[in-house]
Amino acid sequence: MVVLHLPRFPLYLVTSFHSLPLRPYSTTSKTTTLLRAPKSTLVSTSEPVIATPSPAELSLEKLFVPPETIVSLDSARVLNGSNILLSNYANDAQVSQAEFVKSSVRTEDCPSDGLPEFALVGRSNVGKSSLLNSLVRRKKLALTSKKPGKTQCINHFRVNDSWYLVDLPGYGYASAPQELRLDWEQFTKDYFLNRSTLVSVFLLIDASIPAKKIDLDYASWLGLNQIPMTLIFTKCDKRKKTRNGGKRPEENVNDFQDLIRGFFQSVPPWIMTSSVTNQGRDEILLHMAQLRNYWLKH
Ligand SMILES: Nc1nc2c(ncn2[C@@H]2O[C@H](COP(=O)(O)OP(=O)(O)OP(=O)(O)O)[C@@H](O)[C@H]2O)c(=O)[nH]1
Ligand SMILES: [Mg+2]
């Protein structure tokens with residue numbers, strides 16, 4: 001009998017960049033070494049954002065390796081509070097200017113200048129608009145509210161005149177009229193499937209509470225439709241254990257990943273954040289920069 005040893009194909013790494021005119025890239029660790037980004041190109045922050053994990057902490061299975069990143073286990077650099085390796089595309093991450101451009105309800109009405117964009121999606125009230133404000137260091141550029149259902153359109157914000165952050169309505173808002181819910185669902189899904197300049201969806205998950213089925217369904221829908229996705233765990237500043245078996249953010253983050261493992265052959269990129277303490281802000285900007293710069297060059 002002939003036994004075929006098929007290579008384990010890292011589906012996620014392929015699907016996560018499917019919208020790019022892909023050049024094949026290696027994701028194996030044997031033949032490659034990490035290219036370090038020159039220090040001067042990294043965003044300057046008060047806290048270090050790069051960690052060099054010990055070999056014991058490093059398991060390539062759990063890391064997100066950006067395309068064209070050459071990996072060496074002894075020099076790998078991982079963005080803090082994330083599973084994302086730093087690539088040589090991580091430059092121009094700072095935000096110097098941001099402005100609201102337009103609200104649309106149809107994909108075809110979105111800006112047509114061809115600039116790359118990242119969409120923030122997640123349950124109502126998970127903190128999408130707050131995260132956008134934290135990323136651009138503006139308190140009220142995107143409107144936030146304690147009441148779910150604040151954002152109702154596809155809102156484009158141009159950053160540094162060269163890329164977009166897109167604030168989307170939340171899903172799972174039980175009190176919204178059924179008609180409105182269906183409408184949002186339809187236009188956001190149409191946007192994901194047809195927006196050619198969408199580099200990656202950022203799916204926000206509340207890390208202060210246990211995983212919700214609706215979030216797992218959303219992650220699975222994105223995976224099935226081969227839409228590039230990064231998981232952003234929000235509200236990581238909420239550290240109090242609640243009664244009834246409430247868990248800390250790290251535990252909820254681990255649980256969520258265990259639950260979605262079955263949807264992807266290799267793990268999607270993820271980052272822990274808080275819009276209150278700005279945890280994860282510089283890491284997200286570096287991650288966006290490396291995805292964007294790769295996208296622009298291909
Ligand atoms: N503690 C804490 N609260 C947060 C954080 N991010 C957002 N919030 C709060 O959560 C609430 C909802 O925030 P929004 O940014 O409006 O949430 P959204 O996802 O844009 O909501 P919709 O537009 O309704 O879908 C607000 O009261 C925020 O102050 C966070 O990181 N930590
Ligand atoms: Mg909002």
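View 1. The secondary structure of the chain comes to 6 helices and 9 strands, where helices (H or I, at least four residues) and strands (E, at least two) are DSSP runs, numbered from the N terminus. This is a predicted model, in which local features need pLDDT of at least 70 and side-chain atom pairs count only at pLDDT 80 or more, while totals for chains, interfaces and linings use all residues. Residues are numbered from 1 along each chain as its sequence is written, chains are lettered from A and ligands numbered from 1 in the order in which they are written, and side-chain values use heavy atoms, with hydrogens and water left out. Of the 298 residues of the chain, 50% count as buried, a word that stands for under 20% relative accessible area, with exposed meaning over 50% and partly exposed in between (1.4 Å probe, protein chains only). Among contacts in the chain with a separation of 6 or more, 76% are between residues 24 or more positions apart, contact being heavy atoms within 4.5 Å.

**View 2. The largest pocket and its lining.** The volume of the largest pocket is about 680 Å³, and of the 32 residues that line this pocket, Gly127, Ser129, Ser130, Thr144 and Ser275 are the closest to its centre. A pocket is an open set of points on a 1 Å grid over the protein atoms alone, where a 1.4 Å probe fits, with protein on both sides within 12 Å along at least five of seven lines, and lining residues have an atom within 4 Å of a point; points are joined across faces, edges and corners, and the volume is the space filled by probe spheres set on them. Helix 2 (residues 128-136) gives the most to the lining, with 5 residues.

**View 3. Asn133 in helix 2.** Asn133 has its place in helix 2 and is buried, with a relative accessible area of 5%. Leaving aside neighbours within four places in sequence, Asn133 is in contact with Arg138, Lys139, Lys140, Leu141, Ala142 and Thr144.

**View 4. Cys110 and Cys153.** A search of the whole structure finds 0 disulfides, a disulfide being a pair of cysteine sulfur atoms within 2.5 Å. Cys110 is in no disulfide, and the nearest cysteine sulfur, that of Cys153, is 10 Å away. Cys110 counts as buried at 5% relative accessibility, whereas Cys153 counts as partly exposed at 23%.
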